[in-house]
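This report describes a protein chain for a reader meeting its structure for the first time. The account moves from the whole chain to a single sheet and then to one strand within that sheet.

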Amino acid sequence: MTEAVLTVDQMRAAEKAAMDGGTSEWELMQRAGEGAAQWVMRVAAGRPVTVLCGPGNNGGDGYVIAAVLYRKGYEVQVIAPVEPKTETARTAKAHYRGKVAADGKLRGAVVVDCLFGYGLARRVDGAFAKLLEKLNAYDCYKMAIDVPSAVHSDSADILGPLPEYDLTLALGAWKQAHFLMPAMARMGAKRLVPIGLDLEGFSSAVSECPHITPPAPDVHKYRRGLLVVVAGAMPGAPLLSAEAAMRAGAGYVKLLSDHSHPDAPADLVVTKDVDQTLDNARNTALLFGPGAGRDQQARDKLERVLKQRKPTVLDADALHLLAPDLLDGVDPAILCLTPHEGELKKLCDAFGVTAESKLERARGLHDVTGMTVLAKGPDTILVGAGTMRFFPRGSSWLSVAGTGDVLAGIVASRLAAHGEPLRACEEGVWLHHEAARLASPAFSAGDLARAVKPAMASFL
């Protein structure tokens with residue numbers, strides 16, 4: 001089942017729809033708090049717990065958690081700098097039979113942060129900031145309920161002291177901040193606590209692990225996809241892309257290059273014949289950009305690639321060259337862009353997209369151009385075909401030169417195999433992450449490209 005990722009407004013609407021349907025806010029809070037309490041008890045395993053409660057409904061969730069622990073015989077400390085300010089949070093506090101302190105020394109093996117949940121839009125200061133500073137310095141297992149208390153739920157901006165949590169529990173639905181930097185890096189493991197909301201019909205979701213279909217029994221190399229990797233000024237990057245592509249499912253990979261490639265594998269076709277290679281009717285996908293250069297010759301080559309009207313992945317230098325006039329007569333729905341943050345900003349400048357955050361830039365660029373945008377990085381975002389996908393965090397060992405070229409090759413190979421841009425990008429990210437896991441720490445881009453082959457086995 002696809003797990004939706006909601007904005008603050010969408011979450012409020014989903015909760016309102018549940019309440020309009022006859023479920024009270026108190027019942028929703030009980031579901032959330034009792035579901036979260038199960039995780040707290042799993043972690044605490046009988047040890048003392050401190051719960052930090054804020055004035056709103058996230059604080060109410062905290063009182064419900066504390067009440068469940070209290071009934072189960074746990075030693076519970078509740079710290080709440082101010083009284084509850086919502087009726088439902090006051091109800092939750094009334095159901096908790098233990099003591100509540102306005103301040104105090106943190107105790108116990110587990111501390112649960114319920115100061116502020118989703119919807120925070122101002123700086124955290126005063127007593128709440130001091131509590132978060134104490135939590136940051138305290139040696140314990142740290143849990144955040146819904147969204148860590150100093151995090152903006154939509155943008156993932158940090159609005160105050162932000163401890164490093166061991167576990168974050170999303171209540172009811174995932175929020176955008178769960179998958180966006182910088183806050184994502186401090187959330188630890190993340191788990192979803194369902195509370196019975198109707199989450200059908202939302203266009204943003206967590207990417208599901210793909211299933212890659214093996215070739216049909218009667219297939220041949222051309223029907224599996226012929227990919228042309230078009231090289232440019234520098235020989236290394238396109239070769240990396242081609243090596244990754246060879247292992248990601250395409251039946252035939254060609255490297256179109258003016259360079260000699262003595263280190264190219266024997267099973268990679270390297271050719272200098274531009275006309276015969278690009279005009280081949282059997283081509284099912286193209287990749288251009290890694291090592292392309294940014295001069296007029298590279299721009300001319302990009303124009304030639306786009307005029308083929310084939311499903312195409314544009315990466316690296318191609319993203320610095322791409323401009324609206326180059327897309328005349330080109331169906332944007334067959335194009336995949338794979339920018340990192342700097343390239344994404346350059347593209348937005350070129351296409352007149354004004355946005356501050358990575359997410360809004362990716363969404364804006366897709367809306368303006370119709371192209372599929374895979375905004376890569378530690379918080380990868382995919383936008384295309386009227387939907388947006390967020391991904392679990394990949395290995396931080398991917399922060400090495402050339403791994404983006406490998407990703408471009410994987411995506412292009414998958415695009416050659418089936419011709420679906422959004423699906424190709426989604427499969428590409430999962431394969432890239434799995435290859436990084438299999439390559440072991442401190443790998444090079446070449447190691448990563450070779451790990452694509454065993455990674456494929458994980459998704460068959």
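The accessible surface of the protein chain comes to about 18,900 Å², and carbon and sulfur atoms account for 50% of this area. Such areas are computed by the Shrake-Rupley method with a 1.4 Å probe; for residues, only the protein chains shown count as cover.

The model is predicted: local features need pLDDT of at least 70, side-chain atom pairs count only at pLDDT 80 or more, and totals for chains, interfaces and linings use all residues. Residues are numbered from 1 along each chain as its sequence is written, and side-chain values use heavy atoms, with hydrogens and water left out.

**Overall form**

The protein chain contains 14 helices and 19 strands, where helices (H or I, at least four residues) and strands (E, at least two) are DSSP runs numbered from the N terminus. Its radius of gyration, taken over C-alpha atoms, is 25 Å, close to the 23 Å that the globule rule gives for 460 residues, so the chain is as compact as a globular protein of that length. That rule is 2.2 Å times the number of residues to the power 0.38. Along the principal axes, the C-alpha atoms fill a box of roughly 80 × 40 × 40 Å.

Of the 460 residues, 55% are buried, that is, under 20% relative accessible area (1.4 Å probe, protein chains only). Among contacts (heavy atoms within 4.5 Å) between residues at least 6 apart in sequence, 70% join residues at least 24 apart.

**The sheet and strand β7**

Seven strands form an open sheet in the order β4-β3-β2-β5-β6-β7-β9, with parallel pairing; two strands pair if DSSP finds at least two bridges between them. The edge strands, β4 (100-101) and β9 (189-193), each pair on one side only.

Strand β7 (residues 167-171) pairs with β6 (residues 141-145) and also with β9, as tabulated here.

| Pair | Sense | Bridges |
|---|---|---|
| β6 and β7 | parallel | three |
| β7 and β9 | parallel | five |

Leu169 of β7 stands opposite Ile145 and also opposite Arg191 in β9. In a regular strand the side chains alternate between the two faces of the sheet. In β7, Leu167, Leu169 and Leu171 point one way, while Thr168 and Ala170 point the other way. Five of the five residues of β7 are buried.

Technical notes
Buried means under 20% relative accessible area, exposed over 50%, partly exposed in between (1.4 Å probe, protein chains only).
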